[in-house]
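Here are a few notes from my pass through the model. Have it open while you read.

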Amino acid sequence: MEEARRILTALEFDTKRTNEMAGRTLMALAGVDENTPWSKATGERLGVRAIMDWMRERLEHPIAENSRETVRRFVLHQFVDAGFCLHNDDDPSRPTNSSLNNYRINPEALLVIREFGTPDFEQAVGEYLADAPGLATRYAAVREMTRIPVTLPGGRTIDLKGGGQNVLLRDMIKDFCAYFIPGGEVLYVGDADAKLMLFEQQRLASLEIQLDLHGKFPDLIVHEPDKNWLFLMEAASTHGPIDHIRHSELSTVFASCTAKLIYVSCFPTLAIMRKFLVDLAWETEAWVANNPTHMIHLDGDRFLGPHR
């Protein structure tokens, strides 16, 4: 443990990234315990659960199951930002909520770690730190290449994390808004990588909406100013359509809103929509990205009548 913390300190991580949790995380990623020298450190890909299981089995450390978020947010995220660890380098477009998410020590850092305890360690650290900004930039560029550019109705462009439900979110902005809200104003976009990718707080406040930043927002909020309609939209590629529970939650959150609310569950295909059909709440809408010009209204007889 002390050796792991000394390695992290030598690599100029801050106090929180050189504590015992960070030290155990490094040991798990390197596959090093009291019976394994640092010269035998490995670069195996591990998910957060596998890292915690390694601590329990190899270190006999009783880490609590609810510590997963602590390991991920307060250790691994900073390791990745520094270029010290690689996240999903086998598939950078992997969704954030995928069970296949993984981390590994980058090969350049691994070479330094293997020199710990030898006369060459100090020189290896110096050379690594000299290259570290470039490494971090290079690995960040690989992640950026998978991002999805999206043009909002007003012409502004944003980038969403690649993969996962963000592909569907892009279609919601590009196609749903074009067909059904051509004059719409996007007030909120939730990205798996950054919850507040786009958050027009003042415009939301003008509609008497005060959102809790720690609450679960809809994936997309769009205002139609001419009719004063507010579209609350959920991207449901694997989970999360507007069922009766979610409808009740959103109705409560937006109870003070001065605009009229429209609830829309969005799906990538009809086949995926069928899986959720029995769960969809009445008085909501359903939209399918690969049939973008049509919508399903779960609204009783409101739209009953002959078609032209």
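1. C257 is buried, at a relative accessible area of 13% (buried is under 20%, exposed over 50%, with a 1.4 Å probe and protein chains only). C177 is buried too, at 2%.

2. This is a predicted model: local features need pLDDT of at least 70, side-chain atom pairs count only at pLDDT 80 or more, and totals for chains, interfaces and linings use all residues. Numbering starts from 1 along each chain as its sequence is written, and side-chain values use heavy atoms, with hydrogens and water left out.

3. Don't look for disulfides (cysteine sulfur pairs within 2.5 Å): a search of the whole structure finds zero. For C177, the closest cysteine sulfur is that of C266, 9.1 Å away and too far for a bond.

4. Have a look at the second largest pocket, with a volume of about 500 Å³. Among its 18 lining residues, I262, E285, H297, R302 and F303 are the closest to the centre. β9 (260-267) is one of the elements that supply at least two lining residues, along with α7 (166-180), β8 (229-235) and β11 (295-298); the largest share, five residues, comes from β9. (A pocket is an open set of points on a 1 Å grid over the protein atoms alone where a 1.4 Å probe fits, with protein on both sides within 12 Å along at least five of seven lines; lining residues have an atom within 4 Å of a point. The volume is the space filled by probe spheres set on the points. Helices are DSSP runs of H or I, at least four residues, and strands of E, at least two, numbered from the N terminus.)

5. In α1 (residues 2-10), A4, I7 and L8 are buried. Their directions from the axis fall within an arc of 95 degrees, so they line one face of the helix (the arc uses directions from the helix axis to the C-beta atoms). Exposed E2 and R6 sit on the face turned away from that buried side.
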